[in-house]
Amino acid sequence: MTSLDPALAVLDKDGVRLTVEGDVATVTLTNPAKRNAQSPALWRALTEAGRALPGDVRVVVLRAEGKSFSAGLDRQAFTPEGFDGEPSFLDMARGSDEELDATIAEYQEAFTWWRRNDVVSIAAVQGHAIGAGFQLALACDLRVVAQDVQFAMRETSLGLVPDLTGTQPLVAAVGYARALEICATGRFVHAAEAERIGLANLVVPAEELDAAVRDLAAALLAAPRDAVVETKALLRGATGRTYEEQRTAERAAQARRLRDLAGLSD
C-alpha cells in the first residue's frame, strides 16, 4: 500500500499531500494544528491532486493527520478580511449571481473527482468530520471510520446549505428523511450509527484505521481493473435508470467484458 516516503510525493501544498505507490494513491490532509480546516486554497490543491493522478492508479485513499479528519470550513472565510489573496465570503456575496455560481462550482471540483469510474476512493475518517469535512468524506466511494468519529452537517446552523456535493451521496446512503434530519439539526452521528445507517462501511479502533484501509485496498485490487470499472459504472447509474434500463446496461457491460476476455474487443 502507499507509503509516505517523500520520494513518492507528487504534490505537497496548501494542506494537501499526494503520494503514489504503484496502483494506490494517498491524499493526506496535512494541517492537524487547525484540525484540517478547509479553505479555497486547500480545495484547489485537492482538485490539482485529482488531475495529477497517474493513469495506473486504481485506489485512492483519503486520510488526515492528527486527531480530526476535518473540522470543516475555516471560519476565517467569514471574516471581512478572509484569506490572504482570496475574496472573503462577504465579498463573494456582493458579486453577481453568475460570479457566485462560478466560484462555488470551482470549489465543488475538489469534491467531484473521487467518484470517477476508473478509481475506487476510500476515506479513512477519525475524530471530527464536520460540514465540509463531512462532505469530503461523502465524496469518496467508501468510508472506513474510527470508533471516535463524529460526523455532522453544520451548514444550516450558520444559515447556509451544504453545497460541496454532499447532499446527493448523503441521501443515497441514508435516505431523504434521515438526511434531512441530520442536516437540519446539525447533530453528531457517531460511529455505531454511521455503520448502521450506511455512512460507514467499517468501524475499527483508531489504532487499526490505517491497517483496515490497507486490507480494503488490497481486496479491491484483487479483482481485474476493467471488471471493477464496469461494475462501478453500473452501480453509480442504477438509481437514475428504470429496471429495464438497468437490465440493458448490465447486458451491454457484460458483452464488453466477455469480448475483452475472449480477445475480441476493439
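User: At what angle do helix α1 and helix α3 pack?
Analyst: Good place to start! This is a predicted model, where local features need pLDDT of at least 70, side-chain atom pairs count only at pLDDT 80 or more, and totals for chains, interfaces and linings use all residues. Residues are numbered from 1 along each chain as its sequence is written, and side-chain values use heavy atoms, leaving out hydrogens and water. With helices (H or I, at least four residues) and strands (E, at least two) taken as DSSP runs numbered from the N terminus, and axes fitted to C-alpha atoms, for helices over the stretch in contact, with angles from 0 to 180 degrees between N-to-C directions, α1 (residues 40-51) and α3 (residues 97-112) have axes 8 Å apart and pack at about 50 degrees.

User: Which residues of α3 make the contact with α1?
Analyst: Contact means heavy atoms within 4.5 Å. From α1 come Pro40, Trp43, Arg44, Leu46 and Thr47, and they meet, on α3, Glu106, Tyr107, Glu109, Ala110 and Phe111.

User: Which strands stand at the edges of the open sheet?
Analyst: Three strands make up this sheet, in the order β6-β8-β9 with mixed pairing; two strands pair if DSSP finds at least two bridges between them. Each edge strand has a single partner, so one side of each lacks a neighbour in the sheet. These are β6 (128-130) and β9 (189-190).

User: What is the bridge partner of His128 in β8?
Analyst: β6 pairs with β8 (residues 150-152) in the parallel sense, over three bridges. In β8, the partner of His128 is Gln150.
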